[in-house]
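This report describes selected strands, residues and nonpolar cores. Please read it alongside the sequence and the coordinates.

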Amino acid sequence: MEAAAKVLGAVKAEYGTYYVFGNHDYNAYTGTPAYSPEELCSTLESSGIVVLKDRVYTVNDELTVIGRTDASVGSMVSPKGRTGIEELCREADGNTFVLLLDHQPTELPENAEAGVDLQLSGHTHAGQIWPTGQVGELTGFTELNYGWKEIGGLQVIVSSGIGGWGYPIRTGGHSEYVVVTVSAEKMLTRPVCLLRKRAVMFGSSFLLSFCCDFCFTIRSRQEENNMKVIIKRELKNFSKFYI
């Protein structure tokens, strides 16, 4: 864990490196955890990584990053559960591009209504073992198993991650890391938002579990004035066992 945090902290990014916890980061599924959530958070922050737990982080006057506490452990950290997205968005500058990092792809209509522009999530591993992902979507257990979806003004991207959970095999989706480029495009219905520098951010905590959800860059086209998400997926196999 310490070695992984050190590597991530060495990433050079003008706007910083960001991290949100996933459900496994709380080590609630084992009786003998190797480290506590507090130790993980402290190690990440000492490596220069910004950890966001139901926190609104104003990068500059063009970009706001909101990081959520994981949905499955919200009641563990607060009797009321995690902070609502409406309350978090009220803290954000509505004139900026609002990026939401949430480990699980949940509450998508609520996030759209609250004014989030882009949500990055993981957790599902694209089902990992077929047909669990498809069944999850059909039953409503999973709002979005994998890929891209647009809900009103919100765009959501769910990655399958670079690894898996439990067993070193995939039959329901490939391994990947995702590079997302956010660029300006002419569109009168959206506010002007020009990003003149680059940023590299890491989405869910699965990155430290070798199941990376996201690595993305942000840059600008100064002649245009709206955000458009362009997704580039690149397969990254870390083991011969992963399909």
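## Leu 154 and its surroundings

Leaving out residues up to four places away in sequence, Leu 154 touches Leu 108, Asn 111, Ala 112, Val 116, Asp 117, Leu 118, Gln 119 and Lys 149. The model is a predicted one. Leu 154 belongs to strand β8, and it counts as buried because its relative accessibility is 0%, where the cut-off is under 20%.

Leu 154 can also be placed relative to Val 98: the two are 56 residues apart in sequence, yet their C-alpha atoms are 9.7 Å apart in space.

Strand β5 (residues 97–101) pairs with β6 in the parallel sense over three bridges. Within that pairing, Leu 100 has Gln 119 of β6 as its bridge partner. To get from β5 to β6, the chain passes through helix α5 (residues 108–114), and this β-α-β crossover is right-handed. β6 also pairs with strand β8 (residues 154–158), again in the parallel sense, over four bridges. Here the bridge partner of Leu 118 is Gln 155 in β8.

Parallel or antiparallel: in which sense do β7 and β8 pair? Strand β7 (residues 147–151) and β8 are antiparallel, with five bridges between them. One of the residues involved is Lys 149, whose bridge partner in β8 is Val 156. The two strands form a hairpin with two residues between them, and Gly 152 in the turn has a positive phi of about 60°.

Ser 159 is located in the loop between β8 and β9 (176–184). At a relative accessibility of 0%, Ser 159 is classed as buried. The Ser 159 side chain makes a polar contact with the side chain of Glu 176, at 3.1 Å.

## Nonpolar cores

In soluble globular proteins, nonpolar side chains tend to be buried together. In this model the largest nonpolar core holds 17 residues. Those with the most contacts inside this core are Leu 63, Val 65, Leu 99, Leu 101, Leu 118, Leu 120 and Val 180. β4 (63–67), β5, β6 and β9 are the elements that contribute two or more residues to it.

## Cysteines

How many disulfides does the model contain? The count is zero; a pair would need its cysteine sulfur atoms within 2.5 Å. Cys 41 is buried, with a relative accessible area of 12%. For Cys 89 the relative accessible area is 12%, and this residue is likewise buried.

## Pro 37 in helix α2

Pro 37 is part of helix α2 (residues 37–46). Its relative accessibility is 16%, so Pro 37 counts as buried under the 20% cut-off. Neighbours within four places in sequence aside, Pro 37 is in contact with Phe 21, Asp 25 and Tyr 26. Pro 37 and Asn 27 are ten residues apart in sequence, with a C-alpha to C-alpha distance of 7.3 Å.

How values were computed
Residues numbered from 1 in each chain as written. Predicted model: local features only at pLDDT ≥ 70, side-chain atom pairs only at ≥ 80, totals over all residues. Heavy atoms only, no water. Pairing = 2+ DSSP bridges. Right-handed = clockwise from strand over helix to strand, strands pointing away. Buried < 20%, exposed > 50% of the residue type's maximum accessible area, 1.4 Å probe, protein only. Contact = heavy atoms within 4.5 Å. Polar contact = N/O pair within 3.5 Å; in protein donor to acceptor, adjacent residues only side chain to side chain. Core = buried A, V, L, I, M, F, W, Y, C linked by side-chain atoms within 4.5 Å.
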